[in-house]
Amino acid sequence: MSAGQRRIRLSPRLQAAVDMLEDCPVIADVGCDHGRTAVALLQQGRCECVIATDISAPSLEKARRLAKYVGVDGSIDFRTGDGFAAIKAGECDAVMILGMGGELIAGILDACPLPLMGAGRVVMQPMRGQEELREYLYSHGYWIREDRLVREGRRCYQVLAAEPSKLVQEPPKGWPKDCFEVGFMSFLCRDPLLLDFVAENLQRCERQLAEARGTEGEAVLNARCGRLKTIIKLWEDSYGTK
């Protein structure tokens with residue numbers, strides 16, 4: 001197999017995460033799993049070295065084998081550890097935490113004794129729990145710089161890039177209070193997928209609401225539908241319809 005055939009091709013959601021990183025010397029891939037993103041970072045010239053960590057020793061061994069197979073094992077430092085436990089302060093310039101639940105990502109950030117162990121940016125791709133992750137970031141000294149929607153197959157994924165900050169990030173005027181299901185940075189950047197994404201979520205919410213009439217969940221679903229409708233109206237008032 002030629003070197004060209006050994007090049008790692010990432011899925012749209014993972015490539016979007018990589019694209020949110022500025023080129024820098026060292027990137028930490030926390031929870032690297034089988035190592036595809038760590039390898040791609042080097043192949044795409046995003047960094048000089050990757051610190052690849054995972055709590056699973058078998059997964060890390062698969063990542064080692066992949067890196068050796070494509071010839072970049074000399075530029076990846078593999079470490080077994082939970083979250084940031086295997087990373088020392090000042091060792092990395094940026095961090096990736098991809099493919100986990102949003103609450104787990106928030107827990108990893110919260111357990112870190114120093115924000116990002118001194119790194120300047122973290123890119124996250126939560127598989128679920130986006131609300132919990134955004135709420136954590138906004139309330140614990142992080143500024144969300146980018147918040148993108150990425151269509152992959154039938155599913156729309158959310159990818160976020162944040163930086164430690166002493167400033168408090170405020171939503172745009174008219175944004176529904178305590179709405180973390182959708183990122184307002186996607187709204188401000190006119191993400192082309194946002195309107196469809198919100199409309200799809202609203203349709204699901206309305207179906208759930210129809211089944212929940214008279215139950216304890218009715219009020220919660222009513223409030224959620226109201227927030228989603230507010231975002232659609234705000235988009236139309238700000239940018240017009242399609």
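Axes here are lines fitted to C-alpha atoms, for helices over the stretch in contact, and angles run from 0 to 180 degrees between N-to-C directions. The model is a predicted one. With that in hand, take the first helix pair. The axes of α4 and α5 come within 7 Å of each other. They cross at roughly 25 degrees. Angles under 35 degrees count as roughly parallel, and α4 and α5 are therefore roughly parallel to each other. Their crossing is left-handed. On the α4 side, the contact uses Gly102, Glu103, Ile105, Ala106, Leu109 and Asp110. These meet Glu132, Leu133, Tyr136 and Leu137 of α5. By class, the residues of this contact of α4 with α5 are 6 nonpolar, 1 polar and 3 charged.

Now the sheet. It is open and holds 7 strands, in the order β3-β2-β1-β4-β5-β7-β6. The pairing is mixed. β3 (76-80) and β6 (142-152) stand at the edges with a single partner strand each, so one side of each has no neighbour in the sheet. On average, neighbouring strands of this sheet are turned by 15 degrees against each other, direction ignored. Thr53 has Arg79 in β3 as its bridge partner.

Helix α4 (residues 102-110) also packs on this sheet. It touches β1 (26-30), β4 (94-101), β5 (121-128) and β6. The direction of α4 makes about 145 degrees with that of β4.

Next come α2 and α3. Helix α2 covers residues 36-43, and helix α3 covers residues 57-70. Their axes come within 9 Å and cross at roughly 30 degrees. That makes α2 roughly parallel to α3. The crossing of α2 past α3 is right-handed. Arg36, Val39 and Gln43 of α2 meet Leu66, Ala67 and Val70 of α3. The residues in the contact of α2 with α3 comprise 4 nonpolar, 1 polar and 1 charged.

How do α7 and α8 lie relative to each other, parallel or antiparallel? Helix α7 spans residues 194-211, and helix α8 spans residues 218-239. Their axes come within 9 Å and cross at roughly 155 degrees. Angles over 145 degrees count as roughly antiparallel, and α7 and α8 are therefore roughly antiparallel to each other. α7 passes α8 in a left-handed crossing. From α7, the contact includes Leu194, Leu195, Val198, Leu202, Cys205 and Leu209. Among the residues α8 brings to it are Leu221, Cys225, Leu228, Ile231, Ile232 and Trp235. The residues of the contact of α7 with α8 divide into 13 nonpolar, 3 polar and 4 charged.

Finally, the aromatic rings. A search of the whole structure finds 7 aromatic pairs. One of them is formed by Tyr138 and Phe184, and this pair is stacked. Two values describe such a pair: the distance of the centres and the angle of the planes. For Tyr138 and Phe184, these are 5.3 Å centre to centre and 10 degrees between the planes. The pair links distant parts of the chain. Tyr138 sits in helix α5 (residues 130-139), and Phe184 in helix α6 (residues 184-188). The two residues are 46 residues apart.

Technical notes. Residues are numbered from 1 along each chain as its sequence is written. This is a predicted model: local features need pLDDT of at least 70, side-chain atom pairs count only at pLDDT 80 or more; totals for chains, interfaces and linings use all residues. Side-chain values use heavy atoms; hydrogens and water are left out. Two strands pair if DSSP finds at least two bridges between them. Helices (H or I, at least four residues) and strands (E, at least two) are DSSP runs, numbered from the N terminus. Contact means heavy atoms within 4.5 Å. Angles under 35 degrees count as roughly parallel, over 145 as roughly antiparallel, 65 to 115 as roughly perpendicular and the rest as oblique. A crossing is left-handed if the near helix is turned anticlockwise from the far one by less than a right angle, and right-handed if clockwise. Ala, Val, Leu, Ile, Met, Phe, Trp, Tyr, Cys and Pro count as nonpolar, Asp, Glu, Lys and Arg as charged, and the others, Gly among them, as polar. Rings of Phe, Tyr and Trp (its six-membered ring) pair if their centres lie within 6.5 Å; planes under 30 degrees apart count as stacked, over 60 as edge-to-face and the rest as tilted.
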